[in-house]
Amino acid sequence: MASSVAGAEVVTGKVLSKRDHLGKSTIQGNHQSLLQAKLPYSKTNWGCRPYKENTKLYCRRSCRMQSAQTHKKPIEDTIDLSSKLLSSTAGQVITCKAAVAWGPGQPLKIEEVQVAPPQAMEVRIKVYYTALCRTDFVFWEAKGQTPLFPRIFGHEAAGVVESVGEGVTDLKPGDKVLPVFTGECKECRHCKSEDSNMCDLLRINSGRGVMISDGKSRFSIDGKPIYHFVGTSTFSEYTVVHVGCVAKINPEAPLDKVCILSCGVATGMGATLNVGKPKKGSTVAIFGLGSVGLAAAEGARIAGASQIIGIGSNSAKFEQDYEKPIQQVIAERTDGGVDCSIECTGNVKTMIQAFESCHDGWGVSVLVGVPHSEAVFATHPVNFLNERTLKGTFFGNYKPRSDLPGLVEMYLNKELELDKFITHEVSFADINKAFDYMTNREGLRTLIKVAD
């Protein structure tokens, strides 16, 4: 990932890689020193990234092909998938632990909540692992958003189906699944389109705190409803999700790793592979080096980019200041601009910089970050007339049910690395530490073990 090359040497050309006794990757081959740069408003790492000559492009369509394959190497998993054990609670209200947010910015409190059985076209899931995403953090702070509390946050997770509601035919108790904040009904015009993943029925709705079928919550404490969050609410030992927002995955997949595919990693990778679509040998600039940005860099590596430029805001990682605008520096360093830029911050000024960093004639810029509701994107029309392309993306243009299983297969086949994204692990009781890590900008993803 982009952050791992800071302060090191970067390999170009054909390389061999191995791991040392500490498990760290070392690369052998022809070396070229990495030029590091630091800017007053934007920070950047420069370097050429290696790629395999026979690298495949894992776009959305190829992920569907991967999901049909069987991973034959056994993987250790201590999770009891006994459908008999799981289905023993079917149709009953389950009392379990959940991390409840009672107000904006208040520490989450572990409470005993009641989780109602799934209704028609719904699935009740036992959550084993979840991670904290910045979207959870932003709506928990509720700065600029309409507060909706008490609420159970969480949307990046993995678990096992406990029971299903009426009409659910493609899932059963014991199936390993990824709950997703957006859905795929497979019937609307967006789901039937090869070009869109923005389902009419199940598109993300951050302001809705109830299920779409009856407008009621499945969570309660002493009879009082607790609101859902983006249809998932994975900061709970059990949750209820619409079947269209549940991706069934390989039963051999380790849930503590693949859980992060249900949001950040898929969003960043897809922005590069499915939307930016850089060609082999391209130059790619990534604006924002959090989990999503580094996932975009991983997508650029898979695509065979010859140079990946990371622009971040953590000054501790860089050594040199530039007074020029970042887009001007990039243009000078890349003979006119990059072939593709991916913006992952949500800052509108950074969006403009990313777009203007693209080469005229063919440059493509992809916006991933969500800006403030009143933000305005302003650039000179000549930038478009000179044949630069600006695109946006939602969840990396992946269709959750159709495509996420393929990303899981990529991980199982060692074609996609997920482990390095997980920098911290905490128990469910210590979930507030995850918020502290994010507040202090420590690490990438914090894994939270919800259930044993």
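Helix α11 is largely enclosed by the rest of the structure, because 13 of its 13 residues are buried. Buried here means under 20% relative accessible area, exposed means over 50%, and partly exposed lies in between, with a 1.4 Å probe and protein chains only. The model is predicted: local features need pLDDT of at least 70, side-chain atom pairs count only at pLDDT 80 or more, and totals for chains, interfaces and linings use all residues. Residues are numbered from 1 along each chain as its sequence is written, and side-chain values use heavy atoms, with hydrogens and water left out.

Helices (H or I, at least four residues) and strands (E, at least two) are DSSP runs numbered from the N terminus. The chain has 12 helices and 22 strands. Of its 452 residues, 54% count as buried. Contact means heavy atoms within 4.5 Å. Among contacts with a separation of 6 or more, 74% come from residues 24 or more positions apart.

The expected span of a helix is 1.5 Å times one less than its number of residues.

| α11 (400-412) | 13 residues | 18 Å | 18 Å |

Helix α7 is mostly covered, with 11 of its 13 residues buried. Among the buried ones are Ser291, Leu294, Glu298 and Ile302. The cover over the buried residues of α7 includes the helices α6 (264-276) and α11, and the strands β16 (283-287), β17, β18 (340-343) and β22 (445-449). Gly304 follows α7 and has a positive phi, near 90°. Just after α11, Lys414 also takes a positive phi, of about 65°.

Strand β17 spans residues 307-312 and contains Gln307. Gln307 counts as buried because its relative accessible area is 17%. The C-alpha atoms of Gln307 and Val338 are 9.2 Å apart, although 31 residues separate the two in sequence.

A nonpolar core is a set of buried Ala, Val, Leu, Ile, Met, Phe, Trp, Tyr and Cys residues joined through side-chain atoms within 4.5 Å. The largest one holds 95 residues, and Leu178, Phe235, Leu255, Val258, Leu261, Met269 and Ile342 touch the most other members. Leaving aside residues up to four places away in sequence, Leu178 touches residues including Ala157, Cys245, Val258, Leu261, Leu404 and Val408. A second, separate core of 15 residues includes Leu171, Cys185, Cys199 and Leu202.

Glu252 sits in the loop between β15 (246-248) and α5 (255-258). With a relative accessible area of 25%, Glu252 is partly exposed.

Elsewhere, helix α3 (residues 134-141) packs against helix α12 (residues 431-439) at an angle of about 95°, with their axes 11 Å apart. Axes are lines fitted to C-alpha atoms, for helices over the stretch in contact, and angles run from 0 to 180 degrees between N-to-C directions. The two helices are therefore roughly perpendicular to each other, a term for angles of 65 to 115 degrees. Arg134, Phe137 and Trp140 of α3 meet Phe435, Met438 and Thr439 of α12.

Key. Parallel < 35°, antiparallel > 145°, perpendicular 65-115°, else oblique.
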